[in-house]
Amino acid sequence: STMEETLRVAVCDMLERKVEMPSALVSTMEETFKSLADHYIEAAKAHTHLDGTTILDMFKEAYGEFRFTQSIARLQALKAKLHC
């Protein structure tokens, strides 16, 4: 799922600094996250029923399982860390 991957990689991994990036970008990402954190969490909550089901790529090949509940915990931890 594009949304699951976006939350997991583009939001959580980036803000947890699992990817090297310039500090100016980190600052911008943190400020953006503060305004969108609740939206991200609510979007993930709406999809927790998919947890454990197989993710299929565009060729219908399996490449993992949905983990929205795990993403919610990561998002909440980031929200607490950034004082949102």
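Buried here means under 20% relative accessible area. The model shown in these views is predicted.

**View 1**
From the N terminus on, the order of the elements is α-α-β-β-α. The C-alpha trace of the protein chain spans about 40 × 25 × 15 Å along its principal axes. Of the 84 residues in the protein chain, 30% are buried. Among the contacts with a separation of 6 or more, 57% come from residues 24 or more positions apart.

**View 2. Helix H2 and its bend at Leu36.**
Helix H2 covers residues 23-45, and the bend at Leu36 is about 60 degrees. The buried residues of H2 are Val26, Met29, Phe33, Ala37, Tyr40, Ile41, Ala43 and Ala44. An α-helix has 3.6 residues a turn, so residues three or four places apart point the same way. Which helices do the buried residues of H2 pack against? They pack against helix H1, residues 2-15, and against helix H3, residues 68-81.

**View 3. The packing of H2 and H3.**
The axes of H2 and H3 are 9 Å apart and meet at an angle of about 160 degrees. Angles over 145 degrees count as roughly antiparallel, and H2 and H3 are therefore roughly antiparallel to each other. Their crossing is left-handed. On the H2 side, the contact is made by Phe33, Ala37, Asp38, Tyr40, Ile41, Ala44 and Lys45. On the H3 side, the residues are Phe68, Ile72, Leu75, Gln76, Leu78 and Lys79. By class, the contact of H2 with H3 has 9 nonpolar, 1 polar and 3 charged residues.

**View 4. The packing of H1 and H3.**
H1 and H3 pack with their axes 10 Å apart, at an angle of about 30 degrees. Angles under 35 degrees count as roughly parallel, so H1 and H3 are roughly parallel to each other. The crossing of H1 and H3 is left-handed. H1 contributes Met3, Glu4, Leu7, Arg8, Val11, Cys12, Asp13 and Leu15 to the contact, and H3 contributes Phe68, Ser71, Arg74, Leu75 and Leu78. The residues of the contact of H1 with H3 divide into 8 nonpolar, 1 polar and 4 charged.

**View 5. Asp13 in helix H1.**
Is Asp13 buried or exposed? Asp13 has a relative accessibility of 17% and therefore counts as buried. Leaving aside residues up to four places away in sequence, Asp13 touches Arg8, Lys18, Val19 and Arg74.

**View 6. Glu5 in helix H1.**
With a relative accessible area of 28%, Glu5 is partly exposed. Which residues does Glu5 touch, not counting residues up to four places away in sequence? Glu5 touches Ala10 and Tyr63. Glu5 and Ser71 lie 66 residues apart in sequence, and their C-alpha atoms are 9.7 Å apart in space.

Conventions
Residues are numbered from 1 along each chain as its sequence is written. This is a predicted model: local features need pLDDT of at least 70, side-chain atom pairs count only at pLDDT 80 or more; totals for chains, interfaces and linings use all residues. Side-chain values use heavy atoms; hydrogens and water are left out. The bend at a residue is the angle between axes fitted to the seven residues ending there and the seven starting there. Helices (H or I, at least four residues) and strands (E, at least two) are DSSP runs, numbered from the N terminus. Buried means under 20% relative accessible area, exposed over 50%, partly exposed in between (1.4 Å probe, protein chains only). Contact means heavy atoms within 4.5 Å. Axes are lines fitted to C-alpha atoms, for helices over the stretch in contact, and angles run from 0 to 180 degrees between N-to-C directions. Angles under 35 degrees count as roughly parallel, over 145 as roughly antiparallel, 65 to 115 as roughly perpendicular and the rest as oblique. A crossing is left-handed if the near helix is turned anticlockwise from the far one by less than a right angle, and right-handed if clockwise. Ala, Val, Leu, Ile, Met, Phe, Trp, Tyr, Cys and Pro count as nonpolar, Asp, Glu, Lys and Arg as charged, and the others, Gly among them, as polar.
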